[in-house]
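Have the model open while reading.

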Amino acid sequence: MAYSEKVIDHYQNPKNVGTLDKGSKNVGTGLVGAPECGDVMRLQIEVDDATGVIKDAKFKTFGCGSAIASSSLATEWLKGKTVDQALEIDNMAIVEELNLPPVKIHCSVLAEDAIKAAINDYRTKNGMEALKFEEKGVH
Amino acid sequence: MLKLPVYLDNNATTPMDPRVLEAMTPYFLEHFGNAASRNHPFGWEAEEAVDYAREQVAKLIGADPKEIIFTSGATEADNLAIKGVYEMYASKGNHIITCVTEHKAVLDTCKHIERIGGEVTYLPVKDDGLIDMAELEAAIKPTTILIAIMYANNEVGVIQPVQEISALAKKRGILFFTDATQAVGKIPVDVQKDGIDLAAFSAHKMYGPKGIGALYVRRKNPRVKVTAQMDGGGHERGMRSGTLNVPGIVGFGKACELARLEMADEAKRLSSLRDKLENALLEIEEAYVNGNKEHRLPHVSNISFKYVEGEGLLMGFNKAIALSSGSACTSASLEPSYVLKALGLGDDLAHSSLRFGLGRFTTEEQIDYTIDQIRTTVLKLREMSPLWEMYKEGIDLNTIEWAHH
């Protein structure tokens, strides 16, 4: 199975690899997946208190090229969005943008889960209730 | 001169040796006859060519030419051996012993035997990939008719104690079948010394063409018979009907002859290249060899690079280096390698493995290039790996509650 150009590009030049201070109140961290399943994604957002805008986003991913590309793309999309706008990122948009084949759809779901987990971490840190999300059930 | 791309997936298949192709070519064109045509020169030429190839194949494994049954490949030979023995020896018993790291062609055939009323014991393997002889002995029942243990494993290359197994089988009056696909042509396999009753192997793993393989069936001490699984014209002493694949058989014969003549030198060259590759890669932190290193094919190495996922790793260089991984992502099943799991590796380490299969046309420059590419990619991906970061921070990954999906 050949990879799409966009997956290859993200794999070769991943955007926003790194670590934010997970202890900071402005930083939300989402860690999803499991080593036994072959993918683990950690996605972090740094939110501007005043505006609610995501100032920075970083990721680290253990997984195949599609998992790396999905998380790299997610960080790009997150930057500049408000937290509420970020909640609207749908995994199928990632699938379309990266031309992921059906067997790799779970990588995009994982990225969406990571975004939501990071947002919930940010919310609970700042005295807000964690949001409940429906299971996509594609993994 | 470095020749790209580098092909290191020789356990999957080997390229044809040009000398094999050269031997085959006339049998597609001027000598196209059916080896079963007894009334004209076209048939005679084909039959003569098959007879000669049968000798070449037999000689490689120390067999008599009459003991070679040509099949479409090792999968068919595995099926014929197991199903054929099960049917032929039904009056003696219905129990077969095999092991969990066998190729699917053996495991799925055994599953079929269970569905039709047979009983199969799947022996576990030790952490080094070898079976435990005491467990094998303990598994034998009065109804055991066949022990089916592979000669060498396709994923980790470990070589099973074939002579011990056959001695035990002989003592207990049980037939011994070995899937020798990865071993024949690579290391000395001798059906007499090794005490083998039936053996499956294939041409395309030893620089011959795809679509042709053989089942060795012993004719003396004891005389072994298998029930045909393909009915028809009664070819191959009635054990495998179907018009003989003459060009394929000629190529198989030539490949066997080349292997017999060149095996010793080739094994020496490849094991030294393999060791160079392995030693260099083991200098990378948290890299581990899977399987027994003493009892192993000379051209094979299987290494796990912890905290890096196999398919992601392959993607770093897969346009230039062809390799395979035990990672789930590279298989249709989305499960990591069952062989590595049977060796006691956790799913995470199985996901992180690469399988190297060197071959006749692998050069030292290619190995140097491979070492360099893999080292660079592993280090790059670890910089991107949250697991590596945790490991470096001293966090025990087993203490984390992962969201399993």
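This is a predicted model. Start with one bridge: T71(B) has G213(B) in β8(B) as its bridge partner. Strands β2(B) and β8(B), the latter spanning residues 213-217 of chain B, pair in the antiparallel sense over four bridges.

Now the whole sheet. Seven strands of chain B form an open sheet with mixed pairing, in the order β2-β8-β7-β6-β5-β3-β4. β2 (68-71) and β4 (119-123) of chain B are the edge strands, each pairing on one side only. From one strand to the next, the twist averages 20°.

The table gives their contacts and directions.

| Helix | Residues | Strands touched or crossed (chain B) | Angle |
|---|---|---|---|
| α2(B) | 41-60 | β2, β7 (198-202) | about 110° with β2(B) |

Next comes α6(B), residues 162-171 of chain B. Which residues of this helix are buried? They are V162(B), I165(B), S166(B), L168(B) and A169(B). These residues cover an arc of only 160° around the axis, so they sit on the same side of α6(B). On the other side of α6(B), K170(B) and K171(B) are exposed. The cover over the buried residues includes α5 (133-139), β5 and β6 of chain B. Just after α6(B), G173(B) takes a positive phi of about 70°.

Note on methods: Residues numbered from 1 in each chain as written. Chains lettered and ligands numbered in written order. Predicted model: local features only at pLDDT ≥ 70, side-chain atom pairs only at ≥ 80, totals over all residues. Heavy atoms only, no water. Pairing = 2+ DSSP bridges. Helix = DSSP H or I, 4+ residues; strand = E, 2+ residues; numbered from the N terminus. Axes fitted to C-alpha atoms, helices over the stretch in contact; angles between N-to-C directions. Contact = heavy atoms within 4.5 Å. Buried < 20%, exposed > 50% of the residue type's maximum accessible area, 1.4 Å probe, protein only. Arc of directions from axis to C-beta.
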